[in-house]
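Dear colleague,

Please find below the structure that I promised to pass on to you. My notes on what was found in it follow directly after.

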Amino acid sequence: MTIKVLGMGCPGCLRLMENVKSAIKNQKRDDTVEKITDIEEIMKYGVMHMPALVIDEKVVSSGKILSVSEVESLITK
């Protein structure tokens with residue numbers, strides 16, 4: 001699974017990245033996690049609110065800092 005956190009480096013974006021890493025660690029997974037900060041790359045996903053979370057190239061959350069448990073729920077579907 002490839003997971004991307006989209007954002008320009010705001011505190012919310014950083015927090016989401018931390019929560020994603022924690023969720024992966026809690027689930028003992030080895031998913032690839034990328035942080036995308038390039039605005040042109042972010043625009044390709046059609047995201048207007050950040051932070052955003054992309055799992056396997058599908059935007060699953062935008063404009064919300066998901067908790068660790070919310071991320072765990074998304075990655076175990």
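Met-43 lies in helix α2 (residues 39-43), where helices (H or I, at least four residues) and strands (E, at least two) are DSSP runs numbered from the N terminus. Please bear in mind that this is a predicted model, in which local features need pLDDT of at least 70 and side-chain atom pairs count only at pLDDT 80 or more, while totals for chains, interfaces and linings use all residues. Residues are numbered from 1 along each chain as its sequence is written, and side-chain values use heavy atoms, with hydrogens and water left out.

Met-43 counts as exposed because its relative accessibility is 57%, given that exposed means over 50% relative accessible area, buried under 20% and partly exposed in between (1.4 Å probe, protein chains only). Asn-19, by contrast, is buried at 6%, and its place is in helix α1. Leaving aside neighbours within four places in sequence, Asn-19 is in contact (heavy atoms within 4.5 Å) with Ile-65, Leu-66, Ser-67 and Val-68.

As for the sheet, four strands form an open arrangement in the order β2-β1-β3-β4, with mixed pairing; two strands are taken to pair if DSSP finds at least two bridges between them. Strands β2 (32-36) and β4 (58-62) stand at the edges with a single partner each, so one side of each has no neighbour in the sheet. Within the sheet, β1 (residues 2-6) and β3 (residues 52-55) pair in the antiparallel sense over four bridges, and Lys-4 stands opposite Val-54 in β3.
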